[in-house]
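Reader: Before we look at the model together, I would like to learn how each feature should be read, with the criterion stated beside the case.

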Amino acid sequence: MLSRVADNLYWMSRYLERAEHTARLMGVHLNLMLEHDLQPADRRWPRVWASLGSKEPLEGDDPFDVTQQHALSQIVGSIAAARENARQVREQISSEVWEEINRLFHESRRIGTAELFRSQPFDLVVAVTQSAHLFTGITDSTMLHGEGWQFIQAGRFIERVLQIARLIDAHFAEFFKSGAEPMNASEHIEWIGLLRSCTAFEAYCKVYTAELRPERVAEFLLLNAEFPHSVRFGADRLERALEAVQQGTARKSDRLGKLAGRLTAALSYTPLEEITSDLHEFSATIRRLCGQIHNGLYQVYISYPVEAAFAV
Amino acid sequence: MPPAFDTSQLGHARFQNYWLDQAYDEMFESEAVPRPHYAALHELLLELPLAEMRHRKQAADISFLHQGITFTVYGREEGTERIFPHDLLPRIITSAEWEPIERGLTQRIVALNLFLRDIYGDERCLRDGVVPREIVYSCKHFRRQMRELTVPKNIYITVVGTDLIRLSDGSFVVLEDNLRVPSGVSYMLTSRQVMKRIFPELFRTAGIRPIDHYSEALLATLRAVAPDGRPDPNIVLLTPGVYNSAYFEHAFLARQMGIELVEGRDLAVHDNIVYMRTTAGLRRVDVIYRRVDDDYVDPLAFRSDSTLGVAGLFNAYRSGNVTLANALGTGVADDKALYAYVPKIIKYFLNEDPVLANVETFLCSDRLQREHVLERLDQYVVKAVGESGGYGMLMGPYSTAAEREEFRARIQADPRNYIAQPTLEFSRAPCFLDGHVEPRHVDLRPYILYGDKITIVPGGLTRVALKRGSLVVNSSQGGGSKDTWVLY
């Protein structure tokens, strides 16, 4: 497969995952604010910004407005970028995949205008999350599960791991209280919000019942091996995709394999107490490893220098 | 406009907007009398209820839309994708009409290829005065870099699309050759697929020659021109990218042939060998079916501002390590001024008379011919020699005085850049427009492949000027296409 094609497939899927995550996060916070804003806005928004990956606080008079605009442009922009990547490899993806991305693009432009989004923000949230689920199903059921599909998997899961690790970090910095300190009602709602941002609330209840405890939430979102929006699950799938790519191309990279191994090992073998004692550091390690895996993937398969290829 | 058909005689309103005049009509011999090979279609048009016709037209349109058969119009909003306009009714050519076309095109392509080999080699025809040196050297598509370079099997023009028109007397003549990167063949192939679903009853009885083997023949042709010593060549199609007007066609042909569709940034040259960058490492490339113009293939050899090409590609080509199809510099032979010399070129290289005639052409670079044209600008079609796609043209009889003055100034400033041809009444074929059948002007572009042998799939792309009265068939100027049937 051409390196450029692999690059397009990887980013098509990453951008779509990013759009889905941002949309869901936005939906949850808008929902929380509608009933009664339990937490003062000047504390909520920096946290939302941080979990959306903005390093600097956003400028503007009304933080609600600014955040909403930021999220909107990130959602619509990610969808446009996903479509642009798909458009360049149309002959490589199934026509069903193309049609779904193309449809979402036009739909997001229609309902993502500032006025419509302000009055009916949930339309966009629903359209994006549903379409992202469809996209996953369509790629799985209509594409050859060959190299191209593996790059789509790699893109989806590296993005998911990064987003969830960042979200948990921002949330725990604000709300984590160790031990048996009781949780008040407003905190309770925030923890439910975190789980909902990862579509995890119902699944959490099935595993632990509806009793919310921060340690259990951390364990579930970070370490659960069976829940598709946990960091561990994502890391496992990422490692599998990388292995399949290595086998398919017969280009083995020790470094890349070791990096993926370290990521899954950290999630499989680190005791929960150690993680919760410094969750920020743990999240940072996960994100750093993902960054290194991304760079490794590029060095081995996509943007390798021509001279280096002769040495292999 | 001449009087329309007497519909009472026809017994049908379908043809109420149809008319005949001195232009050759593809369907009708005389009023309401169809030519024998159009009889079945004519009958069907009379029989089918209007609703059914509309239904079939809609089915065809939807099929094009869903397949994403589009082209991009430049100069409008950035990258405007449009569905290629398509007319429902086929253009039909008999076996007897096709035979001289096939023979004539083969002769013409062989001669033009010999000519290219000669001007980039011995220059015999220049020394013998068959073609004036200045016409060749002043052509903007002449590539001095190609001098003394041997191309595999001496084949310069691997893929050709030649535009033919039919005059009032029914004879086909050559309007122009496209020897650089001719496009449109994907519309020929996809429209046939659609038509089979729309008119199965006609296909069953008419005896239409198939064209589906085009992609296979193209692949075999490209394989034939691979560098020596590469028995299993890696063939790729080089596209300028998604914003190019013909990107659909590039992706379509690559998929049909099962070869990689590459962009310049996918290729790299190392030690004069071209590689493509794959996830499994670098893979050597042997033949490049390039859909990128000469100027852009290599920023080191040609335009340095090109980002579409591959640095070092020309040196790899010179070294014989990779084949470019078509070869570079072939545009000199489809220059509109050189066109006037093609009959002499055929006579010189093959010692044969041309089977297909040229359109009478006046060269503005020649003083007497220029004066003749400038005095009669309102009677001629003036064309810039290096342009294509219907751009840079003056349609004399339909022009305004201001446009004529503008062209007069342009011709006087740069006479070599212009030629003039008489306004031709080229043939019309029936089209299904808005519930009626009306005649529109058509041309014909057959595609010729030159590898181990010459292959011309029967038919080609019939382009139609869908606007009433228009003579311009280019898709960028409001033209459309028709499926073309050559009968057994």
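Reader: How many bridges join β10(B) to β11(B), and do these strands run parallel or antiparallel?

Author: Two conventions come first: this is a predicted model, in which local features need pLDDT of at least 70 and side-chain atom pairs count only at pLDDT 80 or more, while totals for chains, interfaces and linings use all residues. Residues are numbered from 1 along each chain as its sequence is written, and chains are lettered from A and ligands numbered from 1 in the order in which they are written. Helices (H or I, at least four residues) and strands (E, at least two) are DSSP runs numbered from the N terminus, and two strands pair if DSSP finds at least two bridges between them. Here four bridges join β10(B) to β11(B), and the two strands run antiparallel; within this pair, V269(B) stands opposite V274(B) in β11(B).

Reader: What is the strand order of the open sheet of three strands in chain B, and which strands stand at its edges?

Author: The order is β10-β11-β12 in chain B, with antiparallel pairing. β10 and β12 of chain B stand at the edges with a single partner strand each, so one side of each is left without a neighbour in the sheet. Neighbouring strands of this sheet are turned by 40° against each other on average, direction ignored; the axes behind such angles are lines fitted to C-alpha atoms, for helices over the stretch in contact, and angles run from 0 to 180 degrees between N-to-C directions.

Reader: What is the order of the open sheet of four strands, and is its pairing parallel or antiparallel?

Author: That sheet has the order β9-β8-β13-β14 in chain B, and its pairing is parallel. At the edges stand β9 and β14 (323-325) of chain B, each with a single partner strand, so one side of each has no neighbour in the sheet. Strand β8 (residues 235-238) of chain B is joined to strand β13 (residues 287-290) of chain B by four bridges, and I235(B) stands opposite V287(B) in β13(B).

Reader: Which strands does α10(B) lie across?

Author: α10(B) lies across β8 and β9 of chain B, and its direction is at about 150° to β9(B).

Reader: Which strands does β17(B) join by bridges?

Author: Strand β17 (residues 380-384) of chain B is joined by five bridges to strand β19 (residues 418-422) of chain B, the two running antiparallel, and Y380(B) stands opposite P422(B) in β19(B). Three bridges join β17(B) to strand β18 (residues 393-395) of chain B, again in antiparallel fashion, with K383(B) opposite M393(B) in β18(B).

Reader: How many residues of each chain are in contact across the two chains?

Author: Two residues are in contact if their C-beta atoms, placed from the backbone, lie within 7 Å. By that criterion 19 residues of chain B are in contact with 18 residues of chain A. On the chain B side, α10 (247-257), β9 (260-262), β10 (267-270), β11 (273-278) and β12 (281-284) each supply at least two residues. By class, this side has nine nonpolar, four polar and six charged residues, where Ala, Val, Leu, Ile, Met, Phe, Trp, Tyr, Cys and Pro count as nonpolar, Asp, Glu, Lys and Arg as charged, and the others, Gly among them, as polar.

Reader: How many helices and strands does chain A have, and why is the chain described as compact?

Author: Chain A has 15 helices and zero strands. Its radius of gyration is 20 Å, close to the 20 Å that the globule rule gives for 312 residues, so chain A is as compact as a globular protein of that length; the radius is taken over C-alpha atoms, and the rule is 2.2 Å times the number of residues to the power 0.38. Along its principal axes the C-alpha trace of chain A spans about 60 × 45 × 35 Å.

Reader: Into which domains is chain A divided, and which helix supplies the largest share of the domain 1 side of their contact?

Author: Domain bounds come from an automatic or database domain assignment, which divides chain A into domain 1 (1-143) and domain 2 (144-312). The contact takes 26 residues from domain 1 of chain A and 27 residues from domain 2 of chain A. On the domain 1 side, α1 (3-35) and α2 (41-51) of chain A each supply at least two residues, and the largest share, 16 residues, comes from α1(A).

Reader: Is D61(A) buried or exposed?

Author: A residue is buried if 20 or more other C-beta atoms lie within 10 Å of its own, exposed if 12 or fewer, and partly exposed in between, with C-beta atoms placed from the backbone. D61(A) has 6 C-beta neighbours inside 10 Å and therefore counts as exposed; its place is in the loop between α2 and α3 (63-87) of chain A.
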